[in-house]
Amino acid sequence: MKHVIVIGGGVAGMQCASELLKEGVKVTLLEKEQNTGGKLRNWYKLFPTYTPAEEVLSALRHKLTGAKNLTLKTGVEATAITPKKVTLSTGEQLDCDAAVIATGFTLFDARVKEEYGYGIYDNVITSADLEQMFVRGEVRLKNGAKPKRIAILHCVGSRDEKVCQRHCSKVCCVTGVKQAIELKRLFPEANVFNFYMDIRMFGPGYEEMYREAQTQYNVHFVRGRISEVSPTFDDKLQIKAEDTLTGRPLKMGVDMLVLLVGMKSNDMNSALVENSFLKQQPSGFMQPRNSFLGNVESNVGGIFYAGAVTAPKNVGESLNEGVAAARATIDWLARK
Amino acid sequence: MTFFAKFCIPFIIGAAILFIVIACKYISWLKNLPRQDLKLIAVNIFSFKSIKAVWEVICESLLHRRIFRVNRMLGYMHMSLAFGWFLLIAVGWIETVAYLGFKWVPLQGHVFFKYFAVLNSINEHKPLFDFVMDLLLLFVLSGVGLAWFKRVRSRALGMKRTTKHVAFDRMALSALWFIFPLRLLAESCTAAIYGGGSFLTGGIGILLSKTMSTYTLEMIYEPLWWLYSIALGTFFVAMPFSRYMHIFTEIPLIFLRNYRLRPEAKEKSYDNFEVEACSRCGICIDPCQLQSQLGINEVQSVYFLRDRRYNMLQQKIANNCLMCGRCEQICPVGINLNTLRLNSRTSMRNIPNEGRYNYLRGVDRSTGSGKVGYFAGCMTLLTPNTLSAMQKIFSTAREDVWWADKDGGVCCGRPLKLSGESDSAQKMIDYNTELFRKHNISTLVTSCPICLKVFREEYRLEGIEVLHHSEYILRLMKNGKLKVKYTVGSTYTYHDPCELGRGCGIYDEPRAVIEAVGELLEPKHNRKDAFCCGSSVANTAINDSQQLTIATKVAEELDQTGAAKIVTSCPLCKKAIKRGAKTQVVDLSEIIAENIK
């Protein structure tokens, strides 16, 4: 029986593992956290349908439970990957016939953009923090009060040469719109401002959501990046920005700032490249063999990619890549 | 006695042209000096400063002491050529006096004395002079040999890269390389036919007389003196138009500098002395990070000065400089490279737009009150960790603080100055000066070295002490107003910001502050030799990824120290290094704020 190691237990990895199992392959699924689910574990609802993230995860987990050819190893990382052997952080070495890398991305650390004051001022939070607040069911300011004026800043750690992130993270625009609507649903009286460079609504239903945010929820969209944030004497946040549509600088007091943090290439990618013949793109994301017909294959035969390890992707795309990577792996095993 | 032969003509013409051109240059430069500079000369010329200048001329123009500090071989090469040639002339003059007594001898009589001694049938020989002159010639020839060797292997003389020369330089250089070997041959040939000479010319003379017939020797005798004269003449003609103009220019420069003349924000006549004193030795090339880390080869100070001198300076050259000062501190002539580049930028693009600065009128967003004023600067406002650390330090020390720009203020003016818009910068300088005066502060603290430099150099803040936060924090600690705890085992490394270190000479204070809380591990390049972070506001030509390349190289060295934290004391450096470092990067104030007892 052929043995495939899937590295990463997020949506792409889980999907890929379940597809491989269907084909009668022995699968070892590695997850560095204690639980499968990846980034989605910390997410509340998914755009554009407001589907609870938990719903997607439990369906995926359900597909894997009880599978007799599956070995799930949590709390371990892969340190070196070859098509024949995967070395784990515990020092253990696993023999295999192929490997799928589905390690996903690293969330951009908002502290790097020090001027936005994340980790310095209360009430400057990231989009990931806000999802956690939604999960807990309590979106509150540090002092317990309800937010009245909220700014959402797009492109934090995306399309920003100053922090070496030239690429667009793709999903933040629609996340920003989704979160603005969710905030307005919670606090209909609140003013929500989205500061953006461009609004990129690439998926089905996204543009409609953007329109709805404006017409139905009265979310304000200001074209311009925030340049700096400072605290005011009454514990609010003062933001400085430029409204590039009117060409004027603006200052605004808000009581909560949400930073839409982008997708950074996985921090582990560089180490991966050092220990193998795999290639990285200038953005740090892994380089697929080919952008069209080999987009889930690496440049090394027998090593495949699924999900956001190669580029920012949304959940649906990552799930599809899980299937595609499984298919490519099966084909490769058959040819061997 | 006759002191003329036809072969002297190239030499005489060359020397005359040299004399006329140099005289014209000096007269026009001195004539156009601003009144202020002329006054400085008048005041200082009959003072101890002139004696000091003479001593400096001996040390630098002749002995090349500063080049010795760069590399001993390189120093020897320059010294043997300059000092050796000087001694040949001086001893040669004494030699003529020794033979002929005190009487007027034309210039060529001194230079070609060996020839004229024969011509005028002076048959006696003075072996001591022959020996000394041969020794000096050997000394100079050893320098020429090294110069040839440097062409092939510059690394052996401590230079990875050497200057790319213009046509006049090549012409003068080739002539210079041939002058002394030709002199050796001409004098040896003379010795071969007429005797005389010491171990070198005499020795070669014996060798020549043994290997060649008298007829052949007499055939080549005149042509050799001709060639020697032509080489000298060619060199003299090329000299004032080539880099060798530095030989004569450095001398008045040293005097003027001792009289306290300096280049300023606007170009002026004095700059000519600095620009033409550049010998294009190329020592400034290797320290330039644009060269070593980005492979940009045409912008270094040597090329900037060359282009400015020949009136072919382009903005893209003038603007492509980090102004880190690494070249300035190693320049053997001590040229004020940064100031010259800035005033070039000013002449090239100073287009003040009056309307743009109307908003300055009457703005005052400052808060608080106290004798101590704190000016954060734009970059500190973009690194609020520094700002909140300073807030904590001020409140712990119970200092009443007037916050100049916490809620927004006007730029210090330095970035505009650096981009050559000095008139616009002046508006900001005037505005801020008035603001500081209005609020009656006695101390002005800033955590931005860029602001600090312009406060110290361009603002007229008599009565207000301007301090960098490193100096201020150290003072608070010494006064006992601020007590910090030392953690055994905590390690820090320190990056010297250009504007603070080379710019303001502040190296020790930040180090003393760090050593109060933990162990300091120095990176390989530190203090005067420290690298620039690459994000300098002075460079508007390189792009972001080039800045990042530099930052990564700098961060690499800091990471290698193994320290737990990288400390710097400039918000711009902090942001730049953070992009490339694996280790956490913090401002000096942050490590103090978190270790307050």
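Mentor: What follows goes from terms to values.

Mentor: This is a predicted model, in which local features need pLDDT of at least 70 and side-chain atom pairs count only at pLDDT 80 or more, while totals for chains, interfaces and linings use all residues. Residues are numbered from 1 along each chain as its sequence is written, and chains are lettered from A and ligands numbered from 1 in the order in which they are written.

Trainee: How many helices and strands are there in chain B?

Mentor: Chain B has 28 helices and eight strands. Both are DSSP runs, numbered from the N terminus: helices are H or I with at least four residues, strands are E with at least two.

Trainee: Why is H23(B) called mostly covered?

Mentor: A residue is buried if 20 or more other C-beta atoms, placed from the backbone, lie within 10 Å of its own; 12 or fewer makes it exposed, and in between it is partly exposed. Seven of the ten residues of H23(B), 469-478, are buried, so the helix counts as mostly covered. Among them are B:His469, B:Glu471 and B:Tyr472. Over chain B, 48% of the 597 residues count as buried.

Trainee: What covers the buried residues of H23(B)?

Mentor: The cover includes H19 (384-396), E3 (443-446), E4 (465-468), H25 (508-515) and H28 (588-593) of chain B. Just after H23(B), B:Gly480 takes a positive phi of about 80°.

Trainee: What makes E6 and E8 of chain B edge strands?

Mentor: Two strands pair if DSSP finds at least two bridges between them. E6 (519-521) and E8 (584-587) of chain B each pair on one side only. The open sheet has the order E6-E5-E7-E8 in chain B, with parallel pairing.

Trainee: How do you know that E5(B) and E6(B) pair?

Mentor: The cut-off is at least two bridges, and E5(B), residues 491-495, has three with E6(B), so they pair, in the parallel sense. In E6(B), B:Glu519 is the bridge partner of B:Thr491.

Trainee: Which strands does H25(B) lie across?

Mentor: H25(B) lies across E5, E6 and E7 (565-568) of chain B, at about 170° to E5(B). Axes are lines fitted to C-alpha atoms, for helices over the stretch in contact, and angles run from 0 to 180 degrees between N-to-C directions.

Trainee: Where do the domain bounds come from?

Mentor: They come from an automatic or database domain assignment. For chain A it gives domain 1 (3-104 + 266-335) and domain 2 (110-262). Their C-alpha centres lie 31 Å apart. Eight residues of domain 1 of chain A are in contact with 17 of domain 2 of chain A. The domain 1 side has five nonpolar, three polar and no charged residues.

Conventions: Contact = placed C-beta atoms within 7 Å. Nonpolar A, V, L, I, M, F, W, Y, C, P; charged D, E, K, R; others polar.
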